[in-house]
Every structure is written in structure tokens, then in C-alpha cells.
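Here's a friendly walk through this structure for anyone meeting it for the first time. Have the view open and follow along, topic by topic.

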Amino acid sequence: MIARLLLFLALVIPASATVPTRIAALADLGPLSAEFSEARHTPLKKRPVVVTGIVRIDRARGLSLAYDQDRAPVVILDAEGLLLRHPDGREQSAPPEAEEDLRVLHALFAFDFPTLEKSYDQKLIESPDDAWTLTFTRRPDSSASYRKLILSGTTDHLISIILAKTPKLRTEITLSAPRLLPAFSPEDHTRYFR
Amino acid sequence: MIRAPSVLSVLSVVKKIRLPLLVLLVFVALCAAWLLSLDPRKHFTTDITELLPAAERDPEARLALSLVRERQARVVLIALDAPANTSASTLASAAQAFAETLRASPAFAAAEPLASQTWQHALGQQLHTHRFDLLFPTWLAQFPNPTPESLAASAITALDAHLASPAAAATADLLPSDPLLLLPNLAERASSLAPFPSASTSTLNSRVSALIWAETTADPLTEDGQQPVFAALAAATSNARQTIPDLAVRDTGIARFAAAAKASTKNEIGRLNLFALFGVLLVSALLIRRLRSLLHLLPPILLATLGAVTVTTLVFPRVHILVFVLGSLLSGVAVDYGFHLLLARRENESYRARLRRLALPLIGGAGTTLAGFLLLTLSELPLVHQLGVYVAVGITCGLAATLLYFALFPSIDLAPRRLPHLNVNFNLNSTRRRFRAGIFFALLALSAFGLTRITWQDDLRLLEYPAPELRINDAALRAAFGENNASTTFLTRGANFTEARTHWQNLANSTPAENPITSIAALLPAPADYAAATSPQTRATLAAFPAAFLAAAEAADFEPDAFAPFLADFTAYLAASPPDYETLLRQTTLALPGPLGLLVHDASDGVWFLSTQARNPTTPAATVVLPEGTVSLSGIQGLNTLFSRYRAAAAQLSLFGCVALIVIACALHGPRLGLRTAALPLLAATTAAALLTLHGEPFGLFHLLGALLGVCLADDYAHFAAAEGDTRPAIRLSALSTAASFAVLMTSAIPAVSALGATVTLIVLLALVFVETDLFSLHQPPRDQS
């Protein structure tokens with residue numbers, strides 16, 4: 001779950017020595033929302049479980065995931081960490097074992113690429129038609145839970161994110177083109193952020 | 001012929017003094033022998049909870065007291081603050097080194113770095129291993145008439161839903177062995193059982209912190225639970241600084257507060273005694289000429305204290321140290337008899353004749369004080385009860401010791417100074433009578449007005465030495481450990497696990513679904529569910545469950561082979577005989593790691609579980625009707641309510657004491673003079689209370705005790721004032737020296753001691769003014785002058 005969120009944070013990856021400016025520019029987008037589809041591959045099932053929802057990103061308040069399923073909690077990630085907000089109002093913080101992943105997320109969120117580079121090696125592949133793929137591969141000495149993070153997109157937007165623990169245990173997320181907003185409404189702030 | 005009378009006279013003197021001396025020596029020898037045989041650790045206590053009765057009938061107070069004496073009191077919370085650029089692994093190593101040093105010390109029973117999650121993982125491992133014994137009965141109880149097929153269908157449906165939830169990513173590794181979601185569901189129910197650190201940054205700016213939970217071996221209120229603990233913490237700090245040299249360490253626990261209070265109280269007792277002695281000497285130097293003779297007042301005071309300590313320790317197996325602190329007031333009372341006996345001395349009057357002349361005021365003063373403090377022995381509160389015995393015995397010993405001691409030195413003369421400006425003409429004309437009556441009624445009105453405005457404040461913390469820095473540190477550390485005041489705590493009891501768990505289930509069922517309770521009991525099956533799950537009939541049904549589960553999984557597009565770990569464990573569970581319920585729960589709770597072990601208690605006196613619930617601001621805890629076996633713990637507030645009850649009982653006893661005072665005064669002096677004699681201390685006390693109230697001071701138990709003492713002292717002065725001759729020099733010396741010593745108590749940092757000092761000082765000074773002005777017309781001119 002934590003690592004899935006990490007993928008969404010890729011939307012706000014800032015400029016880095018190894019990330020081209022055109023990709024890093026995606027991080028400077030203002031408040032936005034996008035539809036997503038998430039395919040969860042697990043060794044337990046013959047076919048992946050697919051869920052859908054809407055992601056909202058606000059540079060000041062963090063990001064929020066609202067799933068389409070009934071009774072699914074809103075997932076909020078911000079500078080204070082991870083929070084699950086259940087439909088009945090209960091709020092659940094991340095357990096301590098998620099600390100390592102949260103630190104990576106926070107590093108992404110705070111544009112702290114030196115911290116990210118402690119856990120992952122980066123590799124960028126660009127094609128002539130402006131498509132690109134940025135792969136983060138876990139370093140052997142890292143205790144991060146996901147082996148590989150793969151982002152792919154175009155100049156305009158991020159298209160897909162793959163988060164893999166093993167080849168059979170992975171999540172693939174496909175994003176629609178983002179809708180840029182002037183600002184989120186106060187109701188949206190209350191419901192989707194903290 | 002010349003020698004014979006001298007020898008005879010010496011023999012006669014020896015014969016005369018032999019008996020009093022012999023009595024005093026035997027008394028000292030017996031008391032000393034008893035006191036030397038005592039073990040101070042066993043007989044004296046500084047534990048504030050022992051101020052409340054061990055057999056308190058209020059269940060909440062009884063449980064609160066037992067909790068204070070339980071393992072909870074031995075917890076030490078520690079934060080290691082490292083520079084911000086410290087890596088997580090370096091900080092974890094330092095925390096591990098710190099914890100290992102503590103564990104190696106005999107002063108600590110346990111020490112766990114929270115960030116290492118060792119104990120959380122240990123709990124997870126324990127629950128996973130015993131998930132079918134502990135969690136499966138509760139899961140099974142959801143289905144009223146289970147068949148293998150219906151159970152399998154329900155399990156697969158729930159598993160499918162879980163895989164589509166955001167929580168699935170965190171449980172992916174667990175599901176092959178737990179497709180019934182026993183552990184994920186439990187984790188949600190019991191997520192707040194052990195609060196996790198809320199932040200990794202410390203209160204020190206730009207530093208990162210590691211938190212360590214530790215438990216000491218010894219009671220923090222004892223010496224073994226303090227200095228060895230601090231030494232181990234210092235050693236652990238040194239070890240951890242080998243990894244991070246700039247490491248800062250904060251810790252908190254009852255031991256810190258107890259040690260600080262002990263040191264501060266020790267310093268304060270020394271300071272107060274020094275200033276009190278200086279004050280008494282100053283007053284004495286102003287009022288008498290032979291200061292050296294004052295030393296003769298010491299033996300009766302010491303004998304009174306010796307008798308009081310001896311009898312109190314004979315009567316009570318454990319005596320709180322505050323009894324002796326408050327009992328120091330005994331000196332102020334006992335010294336009065338000496339003052340009066342010495343300052344009323346007349347030339348050429350035998351000691352026996354002097355005693356006959358002073359018998360009435362001495363017996364009157366001592367008798368009323370004795371009656372007042374004897375009534376306190378009826379109190380349920382150990383402090384008040386013990387104080388009543390201590391002062392009552394002390395007064396008796398003090399009076400007896402004074403009479404016996406001065407029989408040995410009948411000619412001692414303190415040589416009082418004459419203070420002409422204080423002399424009052426006692427022959428009143430009608431104008432003066434009217435003026436005094438006006439003053440009397442004005443004071444009466446002031447008292448009545450002030451007493452109607454009294455507010456009460458009953459707080460056990462008034463007895464503590466204030467330690468604001470420790471409090472701030474404690475609050476910061478507890479917040480970092482996730483503790484807060486936004487929840488209500490319940491304690492559910494039973495004779496054994498079966499009864500306690502049944503009572504807890506009733507509590508859980510009575511709480512609203514939107515605000516459930518959290519408890520370690522949620523990890524344990526209910527007795528009925530366990531019995532149902534382990535019955536032969538259920539076991540026979542479950543034998544077909546693995547096959548039904550595989551079929552349902554296959555039909556729902558699952559990979560059946562993925563559940564091999566679950567099927568192997570479940571088959572083994574069915575093949576083994578189920579453990580006895582009490583044994584299972586006892587073994588499980590005994591193995592609970594880290595702080596979780598504090599949430600359940602299993603001993604010969606029964607079993608209890610602690611539960612918490614988020615406080616509902618619209619429903620005060622006091623209005624909720626709790627099921628049988630459960631009580632709400634409101635912490636110090638609950639004990640304060642109890643303290644209020646004791647204060648009210650002490651006030652009632654004090655009122656009876658006032659009635660006794662009036663009765664004794666009337667019996668000794670007749671109704672007219674008796675009522676005037678009794679009116680002096682009562683008006684002094686009510687006027688003092690009114691003045692303190694108008695000054696804005698809320699009243700508590702210690703004002704009440706101060707008032708009782710003040711009334712006893714003022715009553716002594718009234719009886720002395722009603723004696724024949726000018727007794728004012730003795731009263732003046734006694735009152736001013738008492739006021740000087742109690743005024744020093746007003747500077748105490750302990751609110752209770754300060755309150756006591758203020759009340760006594762004010763009453764004594766008012767009583768002195770009443771005597772000096774003869775407001776109650778008590779003065780009896782000497783017979784030879786009339």
C-alpha cells in the first residue's frame with residue numbers, strides 16, 4: 001500500500017541530475033486530479049484484482065487517493081506521514097513497520113533525492129517519440145520493501161507506474177491525463193486532505 | 001549534729017525527686033528499646049497512596065491504588081535525541097546498545113527500543129502461531145449454523161473483498177497462511193493497543209529521536225527503585241554515546257518524581273526548621289531575660305515526641321512520614337504547658353501549690369486538645385487517623401513529662417520582661433464594654449460572611465513537592481510515546497480468566513459500534529466461543545472444511561496451491577487436543593511482550609483487563625452505566641473525589657470536637673465563663689477562615705487540620721487566660737513563638753504545608769489579640785490583689 005502511494009508521488013518528482021528537465025517539469029504542476037486504474041497481481045489469484053479511483057495532488061497538502069469501492073478508506077499522504085480515513089470517520093496512521101517506505105515517500109515529497117539514491121539506483125530510457133521510462137531498482141543493501149519502481153510517460157503526463165516486490169506480486173497503475181485545477185474546494189480539502 | 005540534718009535533707013530531696021526521675025527514665029528506656037527494634041523501611045513510608053486506606057470501600061479508588069502499586073508504576077520512558085544528520089541505522093544501534101545495558105542491569109526487568117519493533121514482531125509471531133486457538137473461535141462464532149461449504153464461501157468472499165482494499169498491500173505476505181484474515185481483522189480491532197510513536201523528531205529542534213520503553217525491577221518509591229535505576233540509565237547513556245557522541249537522553253518515571261520530592265523535602269525540612277528556630281529564639285529574646293533557661297523546655301517536648309512516635313508505631317504497622325511532619329505541631333502544643341508552669345511561678349510558693357493553682361487551666365487546655373485529636377482517630381483516612389493518635393498521645397505525654405520534669409527543677413525562672421505598653425486595664429467601664437461588644441459582633445459578622453464564601457479544593461497533588469520541569473519533560477515524553485488524556489480507561493475484573501473475559505464481553509457489547517473499546521482482551525476468545533469451537537461436534541464439521549475451502553477458492557479464480565501453509569497448519573490444529581481455556585489464556589498473557597503485559601493482571605487475587613475508549617465529550621464518563629465487573633478509572637480525579645469525602649468526614653469530626661470543647665470548658669469553668677472560654681478559639685478560627693477566604697484561598701483538608709490545631713492552641717490560651725493572675729506573659733511567649741514557627745511553614749513549596757502554616761499562624765495571632773485585649777473578659781485578678 002505504501003509503495004503504491006510512492007508511485008503516485010512520482011507525479012511530483014522534482015528536477016535531478018539524472019532526470020531530464022521535461023520529466024521533472026511534471027512536478028511543478030499545480031493542484032490536479034486524475035483517474036487511475038490499479039491492477040494488483042498476487043500469487044493467490046490467477047488474474048489480477050483491478051480497482052479504480054481518483055488521485056488528487058496538492059503541492060502544499062500532499063496527495064489523496066479515493067477508491068471507487070464502497071467503504072474503502074481515503075488514503076492521504078503528506079508531510080505528517082500516511083493516514084487512512086475510513087467512511088465512518090475513523091482515522092488510522094501508518095504502523096511503524098512502514099517507516100522505511102514512508103521515509104522514501106517523504107524524501108520524494110520533500111525533493112530529497114540524495115535520500116532516495118541511498119535505496120534505489122535510477123535508470124532512464126527515452127524513445128524518439130518523447131516517451132520515457134524511469135526505473136528505480138532497489139540497492140542490495142536497502143531494506144525498502146519494493147524491488148523495483150517503474151514510471152513511464154510522455155512529455156505531457158505520467159502514464160503508468162509499476163511497483164514490484166516479486167514478478168508475481170506487483171501492482172500496475174494506469175493514469176488518465178491529469179485535470180489541472182485552480183484550487184481544490186474547501187469541502188475537498190476537508191474530505192481528501194488533513 | 002550539724003551534718004545529720006544536711007544528710008537527711010539530701011536524702012529527702014533524693015527521695016522527693018526519685019519517683020519523677022525514675023518514671024521518666026523508665027519511660028525513655030522503654031520507648032528507646034521499642035524504637036531501636038524497628039526497621040525504618042518496614043514501619044515508615046513516603047508512598048502518597050498509603051494516605052488512603054488500603055481497605056478503601058470505593059472500588060474505583062481501590063483499583064486505582066492497586067494499579068499504582070502494580071507494574072505500571074515501574075515503567076520508565078526514555079527518548080534518545082540525536083543530531084538530525086544521524087542515520088536511522090546509527091540511531092537504532094545506539095538505542096539497541098542503550099537497551100542492552102539496561103537489560104544487563106539488575107535494576108531493570110525489561111527494556112525495548114520501540115523503533116526496533118522487536119516486541120511488536122514477537123506479539124505478531126505469538127498470535128500467528130496460536131491463531132487457531134486464540135482467534136479462530138471468534139471468527140467461527142460469526143456463523144450461527146456453520147457447514148464446511150458455508151464457511152468456505154464466506155471466507156473466500158471476505159478474502160476477495162480484502163484483496164480489493166487498500167490494506168491488501170500490507171498483508172500480501174500473510175495471506176497464504178491466513179486466508180481467513182484472522183490477523184488482519186484483529187490488527188484493525190486492536191490497532192490502538194500499543195500506541196506507536198507519533199513523530200520521529202524530538203522536541204529539541206533539528207534532532208531525531210529513538211524511544212525506549214523500560215520496566216524497573218524494584219518499586220520506584222523505594223531506595224532500590226531509584227539510585228540503582230539512575231546509575232543504570234547513566235551507564236546506558238555512556239554506552240550509547242560511544243555510537244553517537246552528541247546523544248541527548250531524556251527519561252521519565254515515578255522514580256524521578258519520588259527522588260526529586262525526597263531531596264526537595266529533605267532540603268525544605270532543614271531550611272524550615274532553621275528559620276523556625278531562629279524565629280522562636282528571636283521572640284523569646286524579646287520576651288524573656290534568661291534564654292538559657294529555655295533549654296529546660298526541650299526535654300518535655302522531646303519526651304512528648306518520643307511517646308507519640310512510640311505509641312503511633314505500636315498501634316500502626318506502617319506510619320506515613322507526613323504524620324511526623326504535620327505532627328511537629330505537637331511541639332507547639334506541648335511547649336505551652338512548660339511556658340505556663342514556669343511563667344506563672346511565684347516567689348515562696350511550693351511546686352505542689354503551684355500545680356494546684358494551675359491544675360484547672362492545664363487540664364482544661366490539654367483536655368480539650370486531647371478530645372479534639374481523639375475524635376480524629378475515628379477518621380477512615382490513615383493520615384488523619386494516625387495524626388489523631390500521634391497528637392493525642394503526644395499531648396498526654398507532654399503534659400505528664402512537663403509536670404514530672406519541672407518537679408526536678410522547681411525553681412527555674414525564665415524572668416519575663418515587663419512590657420508596660422501591652423498592659424491593659426481590665427477594669428472596664430461601660431464605654432469600653434460597649435466598644436468590645438461592637439468588635440465582637442463585627443468579627444462575628446465577618447466570620448459569618450467569610451464562611452458562606454468558602455470554596456473547597458481537594459487535590460492529592462497539594463501534598464507533592466512541585467516539580468514543573470519534571471512535569472514538562474514527562475508530558476513531552478508521554479506524548480512522544482502516544483499517550484494522551486483523550487480516552488477513558490476501564491478496568492474489568494473476574495475471579496479467573498473465564499469470568500473476567502465474560503465481563504469484558506458484556507462491556508464490549510454495551511459500547512457503541514462507532515466508539516469501540518480497545519483491550520488486550522480482544523486478542524483472547526470469549527469462553528463460550530472457545531467452548532463452541534473446541535466441541536467434538538464442531539471439530540467433526542471442521543474436518544471437511546479444508547476440502548470445501550479449496551473448492552471455493554478454485555471456483556473464485558484463486559490459485560489453490562497458494563494456500564498450502566494455511567491448510568497444513570489448520571490440519572495440525574484439528575489433529576491436536578485443544579488446550580484448557582484458563583491455561584491457554586494464562587500462557588498467552590504471560591508471554592505478552594513489552595508494554596502489552598501491563599494491560600492484563602493475573603494473580604491469586606483474580607484477573608483484570610484494562611480497556612480504553614475515546615472520550616465522548618457529549619457523554620460524561622460518570623453518567624455511563626457500566627456492566628457488572630467493570631469500573632471506570634478517572635485517575636487522579638477519582639482519588640481527589642475520594643479525598644473530598646475524607647475532608648468532609650474530617651470536617652464533621654472537627655465539629656464534634658468543637659462541641660466537646662464547649663462541653664469541657666463549661667464543665668471546668670461553669671456555663672458562663674465556660675462559654676466565653678470556648679468562644680475565644682472558635683471566633684479566632686472562624687475569623688481566620690473568613691480572612692483566608694476573602695483573600696481568595698480555596699480550602700482543603702490541610703486548612704481544616706490547621707484550623708483544628710489552631711483551635712486547640714487558642715483554647716489553651718483561653719484556659720490560661722481564665723486562670724487566676726496575669727497569665728498574659730506566658731500566653732504571649734507561647735503564641736508568638738508558635739506563630740513564628742508556623743509562619744515559616746507558610747513559605748513551604750508544598751501547598752498543603754503552606755496552607756497549614758497560614759491557618760495556624762492566623763488563628764494563633766488572632767487568639768493572642770483576643771487575650772491581650774481581654775475581648776471575652778476571661779481575666780481573673782489574683783486573689784491577693786482582689
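## A strand end in chain B

Let's start with B:Ala614, which sits in strand E10 of chain B, a run covering residues 606–614. Keep in mind that what you're looking at is a predicted model. Is B:Ala614 buried, exposed or something in between? With a relative accessible area of 45%, B:Ala614 comes out as partly exposed, because that label covers the range between under 20% for buried and over 50% for exposed.

Now find B:Asn515. Along the chain, B:Ala614 and B:Asn515 are 99 residues apart, yet their C-alpha atoms are separated by 6.7 Å.

## The nonpolar cores

Next, look inside. The largest nonpolar core is made up of 103 residues. Which residues have the most contacts inside this core? They are B:Phe373, B:Leu680 and B:Phe770. If you want to know where the core gets most from, turn to helix H17 of chain B (residues 382–408), which gives 15 residues.

B:Leu22, B:Val26 and B:Leu30 make a surface patch of about 290 Å². Take B:Val26 as a way in: you'll find it in helix H1 of chain B, which spans residues 3–36. B:Val26 is partly exposed, and its relative accessible area is 44%.

## Empty space inside

Rolling a probe the size of a water molecule over the atoms shows where empty space is left. How many cavities of 30 Å³ or more does a search of the whole structure find? The count is 9, and the largest cavity holds about 190 Å³ of space.

That largest cavity is lined by 17 residues, and the closest to its centre are A:His41, A:Leu169, A:Thr171, B:Ala169 and B:Ala172. Three elements each supply at least two residues of this lining: strand E1 (32–41) and strand E11 (170–175) of chain A, plus helix H9 (168–171) of chain B.

## Salt bridges

Side chains of opposite charge can pair when their charged atoms come close. Over all chains, a search turns up 18 salt bridges. In chain A, one of them joins A:Asp121 and A:Arg139 at 3.3 Å, N to O. This pair links distant parts of the chain, 18 residues apart: A:Asp121 belongs to strand E7 (residues 120–126), while A:Arg139 is in the loop between strand E8 (132–138) and strand E9 (148–153). Both partners are partly exposed, A:Asp121 at 36% relative accessibility and A:Arg139 at 28%.

Over in chain B, B:Glu772 takes part in a salt bridge with B:Arg728 (3.6 Å, N to O). B:Glu772 lies in helix H30 (residues 751–772) and B:Arg728 in helix H29 (residues 728–745), so the bridge ties together parts 44 residues apart in sequence. B:Glu772 counts as buried at 10% relative accessibility, and B:Arg728 is buried too, at 5%. B:Glu772 also meets B:Arg732 in a salt bridge, at 2.6 Å, N to O. B:Arg732 lies in helix H29 as well, so this pair ties together parts that are 40 residues apart in sequence. Like B:Glu772, B:Arg732 is buried. Finally, look for the network of salt bridges that links B:Arg290, B:Arg345, B:Glu347 and B:Asp413.

Conventions. Residues are numbered from 1 along each chain as its sequence is written. Chains are lettered from A and ligands numbered from 1 in the order in which they are written. This is a predicted model: local features need pLDDT of at least 70, side-chain atom pairs count only at pLDDT 80 or more; totals for chains, interfaces and linings use all residues. Side-chain values use heavy atoms; hydrogens and water are left out. A nonpolar core is a set of buried Ala, Val, Leu, Ile, Met, Phe, Trp, Tyr and Cys residues joined through side-chain atoms within 4.5 Å. Buried means under 20% relative accessible area, exposed over 50%, partly exposed in between (1.4 Å probe, protein chains only). Helices (H or I, at least four residues) and strands (E, at least two) are DSSP runs, numbered from the N terminus. Patches are made of residues with over 30% relative accessible area and no salt bridge: like charges are joined within 9 Å, nonpolar side chains (Val, Leu, Ile, Met, Phe, Trp, Tyr) within 5 Å. Accessible areas come from the Shrake-Rupley method with a 1.4 Å probe; for residues, only the protein chains shown count as cover. A salt bridge is a side-chain nitrogen of Lys or Arg within 4 Å of a carboxyl oxygen of Asp or Glu. On a 1 Å grid over the protein atoms alone, a cavity is a set of points where a 1.4 Å probe fits but cannot get out, and a pocket is an open set with protein on both sides within 12 Å along at least five of seven lines; lining residues have an atom within 4 Å of a point. Grid points are joined across faces, edges and corners, and a volume is the space filled by probe spheres set on the points.
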